[in-house]
Amino acid sequence: PHRRYSWASTTVEDIKRVRKELGGTFNDVILAAITSGFRTLLESRGESVDRVVRTLVPVSVRRRDLAGRAVGDGAYDNKVSAMFAELPVGVADPVERLDVVSRQLAGLKESNQAVAGEALTSLSGFAPPILLAVGTRLATKAAQRNVNTITTNVPGPQHTLYVVGRRMLTAFPYVPLGAQCRIAIAIFSYDGQVNFGVTGDYDTTSDIDVLCHAVEHGMSELVALAT
């Protein structure tokens, strides 16, 4: 009863188009759209955008092969740590915003920030629900890093799923709040869709719909510039 929940949507095709034409990775494009959302949210509140929004990004620390795929010993254990990224809400231009996000995340990966962190979980089972939950665990452990939000991206199946003969049309993720964070964002891809589930504190974030609409608008801006 003390939480609010809203959502936003885009498509795998649109994100790939932006990535191809404007640069960056799949996750860079997602974070650029989220940055647009937080910029609009701050402006709607009359707050300054001359700042950054620091987000915790759970990442896998599994060893990878030459193709970039995570590999291991065949066990279903999850090795997860975190990176701390700064969303450049002060940048007005969508393409420049994407470039700033892309360069920053590339630098974080090269610095092995995530790999340096201890793997915090080793649990049996299917990875996506565990990764959705681990964002909260990491944020709780990292409160001293002044984390403003959590953004956890979980890739899902890119084919249609069925339950007792009924097609699952769409799937929206949920991630709980942790530590001092008042907004948390989970991203889940399924069957060509990319859906954002936004959790907010009930008392302080009655306007998370503003954030969600702005995430979709931010993606639309990038798609328009990529065509």
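Analyst: A residue is called buried under 20% relative accessible area, exposed over 50%, and partly exposed in between, with a 1.4 Å probe and protein chains only. This is a predicted model, in which local features need pLDDT of at least 70, side-chain atom pairs count only at pLDDT 80 or more, and totals for chains, interfaces and linings use all residues. Residues are numbered from 1 along each chain as its sequence is written, and side-chain values use heavy atoms, with hydrogens and water left out.

User: What class does Asn 27 get from its relative accessibility?

Analyst: Asn 27 also has its place in helix H2, but its relative accessibility is 37%. That value falls between the limits of 20% and 50%, so Asn 27 counts as partly exposed.

User: Why is His 2 put in its accessibility class?

Analyst: His 2 has a relative accessible area of 56%. Exposed means over 50%, so His 2 is exposed. His 2 lies in the segment before E1, and its C-alpha atom is 4.9 Å from that of Tyr 202, 200 residues away along the chain.

User: What makes Tyr 5 and Tyr 174 an aromatic pair, and which kind is it?

Analyst: Rings of Phe, Tyr and Trp (its six-membered ring) pair if their centres lie within 6.5 Å; planes under 30 degrees apart count as stacked, over 60 as edge-to-face and the rest as tilted. The ring centres of Tyr 5 and Tyr 174 are 6.0 Å apart and the planes meet at 45°, so this pair is tilted. Tyr 5 belongs to strand E1 (residues 3-11) and Tyr 174 to the loop between strand E6 (166-167) and strand E7 (183-190), so the pair ties together parts that are 169 residues apart in sequence. Both residues are partly exposed, Tyr 5 at 33% and Tyr 174 at 42%.

User: How do you know that Trp 7 and Phe 172 form a tilted pair?

Analyst: Their rings are 5.9 Å apart centre to centre, with 50° between the planes. Trp 7 lies in strand E1 and Phe 172 in the loop between E6 and E7, so the pair ties together parts 165 residues apart in sequence. Phe 172 counts as partly exposed, at 34% relative accessibility. Tyr 5, Trp 7, Phe 172 and Tyr 174 form one aromatic cluster. The whole structure holds three aromatic pairs.

User: What makes Arg 4 a charge over the ring of Tyr 202?

Analyst: A charge sits over a ring if NZ of Lys or CZ of Arg is within 6 Å of the ring centre and within 35 degrees of the ring normal. The charged end of Arg 4 sits over the ring of Tyr 202, 3.8 Å from its centre.

User: What makes a set of residues a nonpolar core, and which have the most contacts inside the largest one?

Analyst: A nonpolar core is a set of buried Ala, Val, Leu, Ile, Met, Phe, Trp, Tyr and Cys residues joined through side-chain atoms within 4.5 Å. The largest core has 39 residues, and Ile 34, Phe 38, Ile 185 and Phe 196 have the most contacts inside it. Elements giving two or more residues to this core include helix H1 (12-22), strand E2 (53-60) and helix H6 (208-226). H2 gives the most, with 10 residues.

Conventions
Helices (H or I, at least four residues) and strands (E, at least two) are DSSP runs, numbered from the N terminus.
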